[in-house]
Amino acid sequence: MKEHRKQFDLNDISDALDVSLSSYRAWQRGGVSDRKHLGDSQLLRTIESIHTQCKGAYGSPRIVRELRSRGLSASKARVERLMREHGIRARHKQRYKFTTDSKHGLPVAENLLVQIRCLNIKLFGTTNISIFANYLV
């Protein structure tokens, strides 16, 4: 690029060589970025490995934090796009399902444990009902 700079515009040369101007200028300065920049395919493999390591529990914000902790740079939008395009989704926690129906009209059995607990306190001064566990069966 340096040799042909006098003959051609720097933008045209960089387009022909498929090199960005910022990369060319960084190379001229001799600077190397301390962050690792990954292509989409490499980043996708890393995202998939993080996704399997966390058993599918991490969404894009936590995956971005994990990538940055590993020294890799990727924006949240880029991670979201790659996850969306490849069908990678975080698992959602199941909501608690109430299984007790307290609003029924059926008869309710008497609570025998409360009676044993009261008897236990009167006789022995303790609430430990494990002593009487074999008497309940």
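This is a predicted model: local features need pLDDT of at least 70, side-chain atom pairs count only at pLDDT 80 or more; totals for chains, interfaces and linings use all residues.
Me: What share of the residues is buried?
Reply: Of the 137 residues in the protein, 20% are buried.

Me: Switching to charges. How many salt bridges does the count come to?
Reply: The count is 5 salt bridges. As background, side chains of opposite charge can pair when their charged atoms come close.

Me: Let's take Arg 78. Which residue does it form a salt bridge with?
Reply: Its partner is Asp 40, and the closest N and O atoms are 3.0 Å apart. This pair links distant parts of the chain, with Arg 78 in helix H5 (residues 76-85) and Asp 40 in helix H3 (residues 40-53).

Me: How many residues apart are they along the chain, and what separates their C-alpha atoms?
Reply: Asp 40 and Arg 78 are 38 residues apart along the chain, and their C-alpha atoms are separated by 8.8 Å.

Me: Is Asp 40 buried, exposed or partly exposed, and why?
Reply: Asp 40 counts as partly exposed because its relative accessible area is 34%, and that class sits between the cut-offs of 20% for buried and 50% for exposed.

Me: Which residues are linked in a network of salt bridges?
Reply: The network links Asp 40, Arg 78, Arg 81 and Glu 85.

Me: And Arg 70, what does its side chain meet in a salt bridge?
Reply: The side chain of Arg 70 meets that of Glu 66, at 3.1 Å from N to O. Arg 70 is partly exposed at 34% relative accessible area, and Glu 66 is partly exposed too, at 24%.

Me: Where does negative charge gather on the surface?
Reply: There's a patch of negative charge made by Asp 9, Asp 12, Asp 15 and Asp 18. One of them, Asp 9, lies in the segment before helix H1 (10-17). Asp 9 is partly exposed, with a relative accessible area of 43%.

Me: New topic: how many aromatic pairs does the structure hold?
Reply: The structure holds 1 aromatic pair. The rings belong to Tyr 96 and Phe 98, with their centres 5.0 Å apart and their planes at 85°, so the pair is edge-to-face.

Me: Why does that angle make it edge-to-face?
Reply: Because planes over 60 degrees apart count as edge-to-face, and the planes of Tyr 96 and Phe 98 are at 85°.

Me: Are those two buried or exposed?
Reply: Tyr 96 is exposed, and Phe 98 is exposed as well.

Me: Last one. What is the phi of Lys 55?
Reply: Lys 55 has a positive phi of about 55°, although it isn't a glycine. For context, most residues other than glycine have a negative phi.

Me: Where is Lys 55 found?
Reply: Lys 55 is in the loop between H3 and helix H4 (60-69). Lys 55 counts as exposed because its relative accessibility is 65%.

Key:
Residues are numbered from 1 along each chain as its sequence is written. Side-chain values use heavy atoms; hydrogens and water are left out. Patches are made of residues with over 30% relative accessible area and no salt bridge: like charges are joined within 9 Å, nonpolar side chains (Val, Leu, Ile, Met, Phe, Trp, Tyr) within 5 Å. Accessible areas come from the Shrake-Rupley method with a 1.4 Å probe; for residues, only the protein chains shown count as cover. A salt bridge is a side-chain nitrogen of Lys or Arg within 4 Å of a carboxyl oxygen of Asp or Glu. Lys and Arg count as positive and Asp and Glu as negative; His and the chain ends are not counted. The place of a charge is taken as NZ of Lys, CZ of Arg, CG of Asp or CD of Glu. Helices (H or I, at least four residues) and strands (E, at least two) are DSSP runs, numbered from the N terminus. Buried means under 20% relative accessible area, exposed over 50%, partly exposed in between (1.4 Å probe, protein chains only). Rings of Phe, Tyr and Trp (its six-membered ring) pair if their centres lie within 6.5 Å; planes under 30 degrees apart count as stacked, over 60 as edge-to-face and the rest as tilted.
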